[in-house]
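Subject: Structure handover

Hello,

I am passing on the structure we talked about. My notes on it follow below.

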Amino acid sequence: VSRLSGLWLRLGRALRRRRFEREMLEELRAHLELEAEQNQERGQEPAAARRQAAIAFGHLGGYIEQVRDRRLGRWFGELMLDGRQALRFLRKSPTFTGVAIATLALCLGANATLFGILDPILLHPFPYPDPDRVVNVGMVWPKWPWGEMVQEISPLTFQEIEAQAGCFSAVGFIDASRKVDLHLGSHVQRMSVAAVTPGAWVVAGVSPTLGRVFDPQDLASGEASLAVLSDGLWRETFGSDPAVVGRTIQLDDGAYQVVGVMPSGFSLASNQPRLWIPRVFSAEERSEQGRGNAGFQAIGRLREGVSVEQARHELESLHAGYLATHPEAHEFAEATGETYGVAPLSVWVSERASGSLLLSLQVAAALVLLLGCLNIAGLLVVRGHGRLREMALRGALGASRRRIVQQLAVETATLFLCGGAVALAVAAAALRLVPAHFHLGEIMPYGRPVGLDARILWATLGVSLLTGLLTGSLPIVYATRRNLGPVLQTLSQRTTRSRSRRRTQSVFVAGQIAVSLVLLTAAIVTGRNLDALLGQGFGVTTDHRLVASVALPAYRYGSGVSGTEEHINPFKEQALERIRSLPGVVRASVSNRVPLSSDWPQKFGFGVPDHVPVPGETPAVAFAYQVSSGYFQTLGIPLLRGRDLSPTDDANAPAVAVVSAEIARQYFPDRDPLGARVQFFGRDCEIIGVVGATQNVPLSLGNAPVLYLSASQWPAFNDEAAFVMQTALPPAAMVASVTQVLTEIDPLLAVRATTLSRMQQGAVVTQSAPREIAGLFAVLAVLLTALGLYGVLAASVAQGTRDLAIRIALGAGRGSISGMVLRRGAALALAGTTVGILACWPALRFIEPLLATADGARAATPLVAAALTAVMTLLISYLPARRASRVDPAVVLRDDN
Amino acid sequence: MAKEKHDLLQGTLDMLILKALQLAPMHGFGVAARIRQISQDALRVEQGSLYPALYRLEEQGWIKASWGISEKNRKARFYEITKLGQKQLQRETAHWERLSLAINQVLGSTAESLS
């Protein structure tokens, strides 16, 4: 402890050097005066007494020096001195400093940005204490396509598990299927809500910042109209008013009392809810009927000491118990391998969060950083060479090697820290733009906010220092390795060139060429992948297509047959009629959802009466679209057989369906689907048409075939009315007028209008983001490499001017002189591309699984990139080569003397 | 005044300072005066050694310093020995006794006593 406090004392003194030295001086003066007084007492004259004391004492400053020198503060003082000198030095060469800091700002900034995105998604996705013990609880159907993945759960199954399972300290049920209207006087905000059982709060284990969360007593007393706000909603809509707790708000047509506000960054449920309300099970959900609707999430917190494996065993035995009392369920369980399962939350997220995509982008960013460091190392070597003389002089004047190394290290570290600071600013700006640009919500289901935080700050600082020291070490070794004595002598003359410096630089440049080759390959591969993907299309025409979507909430429009007939369909017809009459609208139709939309996909099972399933075949599922006539034409979906739905396919006519091509191919391979039937919710529907396949959800979510049904023959499946339009004007220009039409009919509607091509961009983000980022990195890499290469060649020409002049004077042809430089460039290119190509194949194997399209030519891409790199290298070499050949021996050799 | 100077071994000075402070807390001048007084002017601590030693001992945690008012009503920095310093003094005293005994034996030896 004492040693530590001594260290503390010393550090304190070092930091407050001035004050400490002032105090010391004061103390010494006091001593001096005491000494003088004593002399006086012995009978000396005051002046003489003082003088003698001063003589005996000696020079005051000398003591301070002596004390200062042996404190820890000495080292610290040196460090400060070196830091100040480094700053002065960096200021003195603004070009070098500017290039280096810009390079670092981009390279470190790219890393900080990606880390800022990756960290909350992959490393800390759950803002809960002990997140490893939080698991997803649900159904597992191993024989279905999703395999061992834990699926959603039904209310009754949840209640049984909650009552019987002993492995959890708490379980929670999350109903994230809804959105609600929050009424704010004259207008409403429509927002995601999660209805959760009180257990979910216990599982999460996070305390609210204001008020409280709801507990079982709240629900037992029948007072279930409570709401807990998210931090975002509280700030943006309620102005961070702490008095909101206790206030009553209107959600849909119900009054809810706000009881608490959760902290920023907290999330519970995958739909990024803005607020949470209690989930109460209806009588129906508590009966056997409650087993059917397996559409909800359940989470559980494992008891201390219980492993995931143990929990899985317990749940499997619970399922066996359920089967023992429900013989009617045997057949289905047999066919699907059904059981209950648990999985750590992280599994669920990393599967959806495209973890390997983020990881590979981070690796690419690290490569860019490596390249930037190589570049700066090259620059440092050049500068180190220019300063050999300074170093030699310092050495001659008595600076120890340690001092010189420390000074150089501080210089590099200062440079990198400055770069890191600018990089943080770059990252802060990028983190504002990137999440929206890349639709991060898609791949970040838990919706933690992305932004500059302390972790990024420390990580960037650490990486800056680390890379700074690593980058600096080679040039430092170079600068201090040699015996500096001879340097002083030789430097006073003109040297021709330094072989070892050239070798060091060549290694750096070849390394840069190799790294940029890898990044170039990645850019080409991801670019071709995206082109192929967009080329094959998504089954719809995105050009001049607009989508305007509204929710028709059940509390105002009703639901079921009556709601559909009385409110929903009349609204759709009225709106469609007005939209069609808008100038600029070529044609329009309405559906209950649109292709490429990122809303949680809702799949339905259907039957094909004459279809004989092959063993192991999965049950037929499809997206069910409720569309009006003209839908296919409006979206450019090709009608392959039969006819479109028509207004006469109404409630009084026989039920009909149009199927997508996949259904026709899979279930009617050798017969005419037209006139055949599919069963949907127990009703036979005649197939009247076959249309082209479409991509219905973002690529990252997979796809399914589609059944198109007549909106007037079925109750609405959901509350969405999506109007699709083909426009003559640019579709973005139509947004305002379409929105106006819809809100004129119903002012409380929140209209989301966007172009179909914009939706497509969102749907392919997992494929387009790598392409954009890899492209950006490749451009940066090529620029940096070109800069590095040019620097090396130009410097070698400049410093070898005398050599060249002599050669030319002795009769070397201009061609052979420029050939020399070009050969040097070619040698660097050869070395760099060879290493680069070797590095490309493992890199390709790494990114291959992330790409949506196959490409036979992919393995050859490194060769293409190598050819491009070689061409670039020669182009860059050409400039110094030309300058070398233009050297005028008469001028150079005369100037020399 | 005899200008005869006795260079003190490093560590010996530390010991003397600690000993002086063990008697009573005092300022730097007092420490020098006390050592001179006890040694009857045989040991004179140069200020050039005294203050670096005081700061070193303070950094070791063996003494601690605080500003106070001297007997002559002047602001002065007073040093006092800490518990750790007491222990250190004990150690050094023991060490010194062993060392000086050994040296005395060497110096006191005669040719006869060794044969």
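Which residue of β20(A) does R545(A) stand opposite? The residue is Q726(A). Please keep in mind that this is a predicted model.

That pair belongs to strands β11 (residues 545-551) and β20 (residues 720-727) of chain A, which run antiparallel and are joined by seven bridges. Two helices come next. Helix α26 of chain A, residues 735-745, lies across β11, β20 and β21 of chain A, and its direction is at about 30° to β11(A). Helix α27 of chain A, residues 756-763, packs on the sheet as well, where it touches β11 and β21 of chain A; the angle between its direction and that of β21(A) is about 85°.

The sheet itself is open and has four strands, in the order β12-β20-β11-β21 (chain A), with antiparallel pairing. At its edges stand β12 (585-591) and β21 (752-755) of chain A; each has a single partner strand, so one side of each has no neighbour in the sheet. On average, neighbouring strands here are turned by 20° against each other, direction ignored.

Strand β5 of chain A (residues 226-229) runs antiparallel to β8(A), with two bridges between them, and V228(A) is partnered with W276(A) in β8(A).

Regards

Key
Residues numbered from 1 in each chain as written. Chains lettered and ligands numbered in written order. Predicted model: local features only at pLDDT ≥ 70, side-chain atom pairs only at ≥ 80, totals over all residues. Heavy atoms only, no water. Pairing = 2+ DSSP bridges. Axes fitted to C-alpha atoms, helices over the stretch in contact; angles between N-to-C directions. Contact = heavy atoms within 4.5 Å.
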